Structures are given as C-alpha cells and as structure tokens.
Amino acid sequence: MEAFLSSLVSIAFHGVAYGMILYVISVGLSVTMGLMGFVNLAHGVFAMAGGYILTAGLSRFGLPFPVALTLAFFLVAAGSIVLERLLYSRLYSAHELEQVLFTIGLIFIAVAVAQILFGNLQQPVVLPDYVKGQFPLLGRDFPAYRVFLIAFSTVMIAALWFGVERTRWGAMVRAAVDNRAMAQSIGINTRRLFTLTFALGSGLAGLGGALGAEIIAIQPTYPFEHLVYFLIVVSIGGLGSLRGPFIAALLIGITDTACKYWVPHFGAFFIYVATIGLLLWRPAGLFGRRV
Amino acid sequence: MTPVLETRGLCKSFGALTVADNIQFRLDAGARHALIGPNGAGKTTFVNMLTGRLVPSSGRVLLGGEDITRLGQAARVKRGIGRTFQINTLFRNMSVLDNVALGVAERHGTSGRLWRPARIYERVRKEAHDLLVMLGLEDDAGGRVGDLPYGKQRLVEIAIALGLQPRVLLLDEPAAGVPSSELERILRVLDALPKDIAILIIDHDMDLVFRFAQRITVLVQGGVLVEGTPAEIAGNRRVHEVYLGEQRHA
Amino acid sequence: MQAVGYGADPRIRWTEWLPWLAAVAVFFLLPEYLPLGARILVFILFALSLDLILGYAGVITLGHSAFFGLGAYVAGILAAKFGITDPLLLLAAAALAAGVLGITTGAVILRTHGLTQLMLTLAIAAVCFEIANKATPITGGADGLSGIKIDPIFGAFRFDMFGRTAYVYCLITLFCGWWLVRRIIYSPFGATLTGIRENEVRMHAIGVPVYLRLVIAYTVSAMIAGVAGALLTQTNQFVGLNVLGFEPSGELLVMLILGGVGRLYGAFVGPLVYMIAQDQLAKQFPEYWYLGIGLILVAVVMFARGGILGILDGLIARFRRPQ
C-alpha cells in the first residue's frame, strides 16, 4: 500500500511536470488558432527551435542557464515574427487545406534543417548544478529539475493569465477571439494584434521546448512526433481558451505518465481513444466556444 | 383557410439576449408578403428559424398545417420551403446550369445516383435550362457563376430556389448589393414569379417593398410591431418613429 | 472550371488514354524499373482514393493511411497467419475491412468540422498505428510481417522475381479503380460532392442529405485505399509499420497537391513525379530531400495552388490566347 501511494505521488508529480510543459508549449497554439482561425500544425517547430537554442547554448557556447532560456524565448519569438509577416499573414483568409499544407511544408523544412545542422541524435541537456539532484518536498525527495519546472511554469502561466485578464492587450485578444469583425470595427488593429500574439505564443512554445528538453527529447523529428499531443491539448481544451488547454494538458500529462508506468504495453493507445471519445462528446472541446 | 406557412409564439434567446419574441405570423397561398424592420430586428434570425437552420427556443412552425418545428433543413426543403440568402451563397466554381441542376436533381431524387453520368439525366437538364430561360440567364448557362456580374448572381440565387418548386419562397434581401443598373431586371423577375407560390421578402428597400408586397409585417427588436397593408403601414405613426432617421420613403 | 456536373461530357477523351499507353510502354521498354513502377501504380491508386474525398468532397484528412495500412495488414495477416493466399480474395478482404473502418469512423467524424475533424482523423490513424505496433503476435510489431507468399493470379500468373506479374496486376487493379472513381465523379453523386465542397450551406438549403453523401464517399474512398494497401503487401511480400501513421498520409497529401487536387489526373502526375524524384534524389541526400519537399510545398501553396496540372493549365490557356 505504501509503495502504491508512493507511486501515485510520483506519477502525479511527473505527470504534472509533463502536463505543464505541454501547456506552456500548446497555449500559444490555442490562442492563435482561436484568434486567427489559422491551423498551424507547425507549432511544434517553435518548441523544437527553443529546445535546440537551449541545448546548443548550454553545451556549445557554455551560456548560463537563465541566459539560454531567455534566448530561447526571444529568438524564437523574433523568428516567428519574421515568418508571420512574410508567410503566415498571406494565408489568413486561405482555405483550411492550404493552411494545413503550408504548415506541413514548414515542418518538413524545419526537420530537414535540424537534421543538417545538428544530426539525428537527441541533444544532450547540460543542466547547471543548482537545478540538478534531489529536492526535498513534504518529506520526500523529488528530482530538483522537475520541481523547478513546475515552479517556473506556474509563474509563467500566472503571468500569462494575468496579462490576458488585466492588460489592454489581453482585452483586445479576448475581444478579437470572440468576434473578429466586431473587434476590427471598433478600431482594434488586428494585424498588429495577430503578430504580437503569434510572437508571444511562439516564444512561449520555444520556452516550453527549452524547459522541457529533458522530458521531451530534442531531435529533428520532434514536430512530427509530438504534433498529435499538442493538437490534442488544444482540441480537447477548446480553441481560443486559456483554461481549457491547461486542464487538458494536465490530464494528458498525468494519464500518459500513468499509462507508461502501469500499462507500458499499451503506449499512447489509451490517450488516443480517450481523445476520440472526448471529441465526440464535446466537439468544441471541454471549454471551447464553437466547433 | 389553412395558411401555407405559420408560426405560433416563435421565440429565440441566446442567454439573456432575446432575438425573437413571441412571433405570430401567417402566410397564405399566393401571398406577396414583406418583412421589414431596422437593422438587428431579427429578420434573418426569423428566416433561419423558418428554414430550419436555427432551432427556436419555443413556439411552433407549421407548413400547410403540419408542424415542422422539429424538422431539419433538408426535410423542410422537401416539403416545399425554398430560400435565397442575403449574401450570394452559390457554387462559385461550378457552371450556372449546375448551380440550378443540383437542386432540381435533388427534387427528382436522382442526385444520389453513382453510376450513370450526370449528363444523361435529360429531364434535370431541361428543367434547369428552362428556369434559366425564365430568368434571362440562358446565355450564361455554361459559364462559371463566379464570373457573372453581381446582379446576375442574385438571379441565380433565385433560380436555385425556384428549382426546388417550393410552396413558400423566402427571399432575403433579393436586391441587396445590386448596382442600380441591374436592379430593374431583378424587380421584373420578382413581379413575374409564379402566382401560386407564397412569397416572403425581407428587405430594407422601401421602393421594392411597396411595389411588391400586398401585406407587410414590421419587426422591431425581435417582436412584431404591426402588420397590415402597405397603405396602413405607410400611415402608421409608430412605424415612422421606428424608422426615424432611417427612412427613405415615407 | 470543374469537369463534373450536368454539362460535362463523360466520354473518355483520347488524352485520357495516354497514361495507360505510357504504362504499357514502360512494361516493354523499361523492364528494370518494373518494381518501382508497381510501387508508383499503388500510390496512384492510393492518391485517387484521397482525391475522391479530399479533392472532390473537400474533406481534409491526415489519417488516410489508416485505411491503406489496414488493407495492407489484412492482406498480410490473412496470408501469413491464416494461409489465405489467393490474391484477389485478399484484395476483397482488404476492401471489406477498410470499408468497415471507413463507414464506422466516417459516420462519426463527418459530424464534426474544422480542427476537431482534422484531429479525429489524426487520432484514428494514430490508434491504428499503435495497435499495429503493439500487437506483435499478429502484426509482427516493429519488424512487420515478411515472407508473405501469394498464389499465382487465377492460378496461372506467378509472381516472378522481376516484378512483371506484379506490375501488370497493379496496372489492371489501378485501371479498375480509376474507372470506378471516374464514373463516380461524373455521376450526379459526384456533382453533389463538388457542391458540398464548394458550398455546404447551399447544399443543405437545397435539401441534399450532406452527411449521408459524405459518409458514402468516405467509405468508398476507404475501400479503394485498402485495396491499394493490399496491393502493396502482395507486391512487396512484406508489410510493416511504414504503411501507417502520419508519414504516409502526409506524403500522399504532398503527392496529390503536387499533381493537382480535384483533377483526377493530379493523382497520376503527383505520385509519378514525387516517387521518381525520390528514387533518384532521396537516397543520396535524405535531409535535403525533405528540405526540398518542404520548400516546394510552401511554394505550391503560395504561388501554384493547382499543382503541376494547374501550372500546365495556365500555360495552355496562355498559349491559346496570346495577349
């Protein structure tokens, strides 16, 4: 019994850590899909880019950990602005199929570039000593880095939620997600809003990819392998919603960890089936507005 | 006499927002009826509830005495409700003939056939073609709908609805967006519509409404303000108040 | 303008016989390329099935590999584990299995739209992949099933090691599939599919049972994809995980876009060009291959939405009317 409880705690802990990373990565996707109505399957590319920036920064350039993390956020955000202005913005009113194809093309390009620049192997994550080792919490020892992950993500998420609820930018985003035409007619500069929000969402993805490099390995096939999970978080959580994907990400993180621990033979099977079931019951997601 | 289309106590709310408030409405066979009201009065919502696109919160819709409130769009079309859309809702990349033929074939029951080529269905083609002739579009039959001038596209909207051989025709702003050079054509088509169809026109254009309608219903904030003949409506003080600042024709 | 509908001439134009003549010519003139040729034919059939549901009906699916893979595995499992080795029987079984999966999943996902629908197609394909991956006793897991022996066709035509029988077998099956899809496209049913793609709202407003038509189209498309999968298993005498998951779906999508969606022959041109290029280039520079494909895909979406056939159409139009 003691062992069972202990494994429950362990699963919950690791599941929450995984879930929070999933959320930090996927929240940008949810907001931009709800805001721009754009199917961006290439979102995982931003997370991967952040991961590569971190791992390369740590191992090849010997950067301090906080610097590498910050770089991951800002470089990816900046890169995404370029992509958005040059390419994405031309396709906002295009047919869904074209958006899907375009983003698949981006994934191919990113995967190829990653392979050429970094090779096929997983990137090693050289963490600084102060986040390694064990951290005592409530009478137990937990991996320190995971504790750090959870704490840091909580702060970021709180900042994000506060920003969306309280700032002018956040109000504009909420208005435009609710009714884009209306928002434009009251003078909201939707173009700038899109670019800014896209940059923020992509930057967060980069940050999430960097933070989670230990949990979700950084390798060229990253955007393909984890695409389904990011999409699951967003579609179950509900497009354009902030809270929905959070719950969804935690659910997935915990369920996935639990399955890998107790029924490893089934792999991700259970999650996919559960996703199918959930989406059939609630096509707009748990907290979504419309289909 | 049983009205061909009737609503009893039709209501629709989205949360606290009421867009249709206890609408009592009737349309007799061969009627020429208009529905007017300021922007946001709920006219299109009402039409959507008549066609089955929107489910009312309460109340009933009856077609020829039959309660169709629970029926979906396709079933209502089969029973004789046809509509045009305020904004052209056409198959832009298909030919004008195909646009009309699709509805005609559906009515004939042949549109689900998998095996023989569509061109073989002569009756469908002829009927679609005849409709185009009636609306003066026969020269454009083979052309792409998206290439037509806007006014002709509006006519295709009407042609599609007529192809359904409806008992009731709901025309949502048939002249909307049409340049004045093409307006007369549409008006003449409206005048020439078959006399046995009951027609409800929703519009803002008072010239069109007064030219066309025998009875007018005024909708304001989801509720029926008043109903009567054009002369009665024109002389009604409350209607004038509602349209103050918006009226183009007293 | 689309070549379907009530005004379209359904008779086969002489240009439509060219692909078949070319295929027959390849048989006699390029015998060393027959194995690759058979593979291309299989993917043309697979692409046709996708074009029916995507190009004509407008349903975006990233999970079509589920049907392809199911057909491939049904053929492989029946042959390797149950000793059923008659090729035509295996095709029929694959079509049946894929059809069942198609109608059950189609009935469910065609009630949804947008991201949810896309997500469901991905999820279903992912489930199929996981099942094949984990059910090792039946499917061979990550190693797949090899050494699948297939009987001679009609008892007379043995599968030879030069791939001659396989090529002709695939060619004839493709011909049947093409003929079927072509009939459907030119039929009133095909016209309604195009109508659904063009303007679903309008279709509802003229009384068409949209959902039912889509489910039927989806099921037929699934069955054809299943047959293509079974063909692949029979010609390779092997079935593995590479017939499932996002990769074959994604690659097929690229092939179809490249050739031109909703044009029937885009499904011929796309796989042909893609697979020949892949055969020549990808072996030497696999990363650069994906880079090139990605760039072409982005370029096609930005500048050449009709694919290769679209570009050809544009050139021909400009040729005919010098301005």
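Colleague: What share of the contacts in chain A between residues at least 6 apart in sequence join residues at least 24 apart, and what makes two residues count as being in contact?

Modeller: Two residues are in contact if their C-beta atoms, placed from the backbone, lie within 7 Å, and among the contacts in chain A between residues at least 6 apart in sequence, 77% join residues at least 24 apart. This is a predicted model, in which local features need pLDDT of at least 70 and side-chain atom pairs count only at pLDDT 80 or more, while totals for chains, interfaces and linings use all residues. Residues are numbered from 1 along each chain as its sequence is written, and chains are lettered from A and ligands numbered from 1 in the order in which they are written.

Colleague: How many helices and strands are there in chain A, and why is chain A called as compact as a globular protein of that length?

Modeller: Chain A has 11 helices and two strands, where helices (H or I, at least four residues) and strands (E, at least two) are DSSP runs, numbered from the N terminus. The globule rule, 2.2 Å times the number of residues to the power 0.38, is set against the radius of gyration, taken over C-alpha atoms; for 291 residues the rule gives 19 Å, and chain A has a radius of gyration of 19 Å, close to that, so chain A is as compact as a globular protein of its length. Along its principal axes, the C-alpha trace of chain A spans about 60 × 45 × 35 Å.

Colleague: Why is Leu90(B) called buried, and where in chain B is the place of Leu90(B)?

Modeller: A residue is buried if 20 or more other C-beta atoms lie within 10 Å of its own, exposed if 12 or fewer, and partly exposed in between, with C-beta atoms placed from the backbone. Leu90(B) has 21 other C-beta atoms within 10 Å, and therefore Leu90(B) is buried. Its place is in the loop between strand E6 (81-84) and helix H3 (96-108) of chain B. Leaving aside neighbours within four places in sequence, Leu90(B) is in contact with residues including Val145(B), Asn199(C) and Arg202(C).

Colleague: Which pair of chains has the most contacts among the two pairs that touch, and how do you know whether chain A and chain B touch or do not touch?

Modeller: Among the two pairs of chains that touch, the most contacts are between chains B and C. Chain A and chain B do not touch, and their nearest C-alpha atoms are 13 Å apart.
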